[in-house]
Amino acid sequence: MDLNGVEWRAEASDRLFSSQNTAFVKEITLRRPFLDETLYFSLPSDIENSISNTEFGGEILVSINEISFLLKKGLAHSALTLSSYIIEGLIRARAKKMGIYKAEYDELTFGQLINEGEIKKIIPIGLFDEMKALNHLRKPSAHFKGVSPIVEEARIGAKIVQILAQEWFKPEGPRNSSISNL
């Protein structure tokens, strides 16, 4: 980490010796870490299977695969925007499964959807504020405002996707974990 708070990554250094004990030093080029190096984005297969069994499961999983690709390529605009799309899909799938889905939810923006009374109630504690922040961060990515997102903003959206998927779509079974099923 440099004095400006920027994290840098490098590969390992090697020192090779010849029979004449002459040292050869391998050069190391420092670079900023790629997005996928600091955020491992995937879902366990049992959660993917659970999502696939919802009405919107196919589209959600296709989008999750797409966001994984975007993160690996460091495409912050796209990853940030797609994360809110996936979250909307997860919300709709969960609301349908719980029997609280209303047709008018289809007309709501991301910000309106997360603020809707019945939806707000099912969002895990502590995650609502992060989702509101994501809504503010995604606007410049979805609508040209002359501001570029940064990698850390894309991480927020992807992390919310992971948390919601794990909280809401963990297969039913023995409750040995601290993650609760709503």
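1. The order along the sequence is β-β-α-α-α-α-α-α-α-α. Keep in mind that this is a predicted model.

2. Confidence comes next. The mean pLDDT of the protein chain is 81, and 73% of the residues score at least 70. Residues 174-182 stay under 50 in pLDDT. For that stretch the model has 13 contacts beyond four places in sequence.

3. Some totals for the protein chain. It has 182 residues, of which 36% count as buried. Its accessible surface is about 11,100 Å². Carbon and sulfur atoms hold 53% of that surface. Take the contacts between residues at least 6 apart in sequence: 58% of them join residues at least 24 apart.

4. Helix 3 covers residues 57-73, 17 residues in total. From first C-alpha to last, helix 3 reaches 25 Å. That is close to the 24 Å expected at 1.5 Å a residue. After helix 3 comes Gly74, with a positive phi near 70°.

5. Which residues of helix 3 are buried? They are Gly57, Ile60, Leu61, Ser63, Ile64, Ile67, Ser68, Leu70 and Leu71. An α-helix has 3.6 residues a turn, so residues three or four places apart point the same way. The buried set of helix 3 includes Ile60, Ile64, Ile67 and Leu71. It also includes two serines, Ser63 and Ser68.

6. Helix 4 runs over residues 76-98 and has 23 residues. At 1.5 Å a residue it should span 33 Å, and its end C-alpha atoms are 33 Å apart, so the two agree. Gly99 follows helix 4, and its phi is positive, near 80°.

7. Ser84 sits in helix 4. Is Ser84 buried or exposed? Its relative accessible area is 3%, and buried means under 20%, so Ser84 is buried. A polar atom of the Ser84 side chain lies 2.9 Å from the backbone oxygen of Thr81. Setting aside residues up to four places away in sequence, Ser84 touches Phe110 and Arg138.

8. Ile100 lies in the loop between helix 4 and helix 5. Ile100 has a relative accessible area of 18%; the cut-off for buried is under 20%, so Ile100 counts as buried. Beyond four places in sequence, Ile100 is in contact with Ala95, Tyr105, Glu118 and Ile122. Ile100 and Ile119 are 19 residues apart in sequence, yet their C-alpha atoms are 8.3 Å apart.

9. Tyr101 is also in the loop between helix 4 and helix 5 (110-115). Its contacts, leaving out residues up to four places away in sequence, are Arg92, Ala95, Lys96 and Asp106. With Asp106 there is a polar contact, side chain to side chain, at 2.6 Å. Tyr101 and Ile119 are 18 residues apart in sequence and 8.7 Å apart from C-alpha to C-alpha.

10. Now the aromatic rings. A pair of aromatic rings is described by the distance of the centres and the angle of the planes. Rings pair if their centres lie within 6.5 Å. By this rule the count comes to one aromatic pair. The rings are those of Tyr101 and Tyr105, with centres 6.1 Å apart and planes at 85°, so the pair is edge-to-face. Tyr105 is buried, at 1% relative accessible area.

11. Gln162 belongs to helix 8 (residues 151-168). Why does Gln162 count as buried? Because its relative accessibility is 6%, and buried means under 20%. A polar atom of the Gln162 side chain lies 3.3 Å from the backbone oxygen of Ser42. Gln162 and Phe41 are 121 residues apart in sequence, while their C-alpha atoms are 7.7 Å apart in space.

12. Points to check in the viewer. Start with the side-chain polar contact of Tyr101 with Asp106. Then look at the edge-to-face rings of Tyr101 and Tyr105. Next, find Ser84 and the backbone oxygen of Thr81. Finish with the side chain of Gln162 and the backbone oxygen of Ser42. For residues 174-182, remember that pLDDT stays under 50.

Conventions. Residues numbered from 1 in each chain as written. Heavy atoms only, no water. Helix = DSSP H or I, 4+ residues; strand = E, 2+ residues; numbered from the N terminus. Expected span 1.5 Å × (residues − 1). Buried < 20%, exposed > 50% of the residue type's maximum accessible area, 1.4 Å probe, protein only. Phe/Tyr/Trp six-rings, centres within 6.5 Å; stacked < 30°, edge-to-face > 60°. Polar contact = N/O pair within 3.5 Å; in protein donor to acceptor, adjacent residues only side chain to side chain. Contact = heavy atoms within 4.5 Å. Areas by Shrake-Rupley, 256 points an atom, 1.4 Å probe, with all protein chains shown as cover. pLDDT = per-residue confidence, 0-100.
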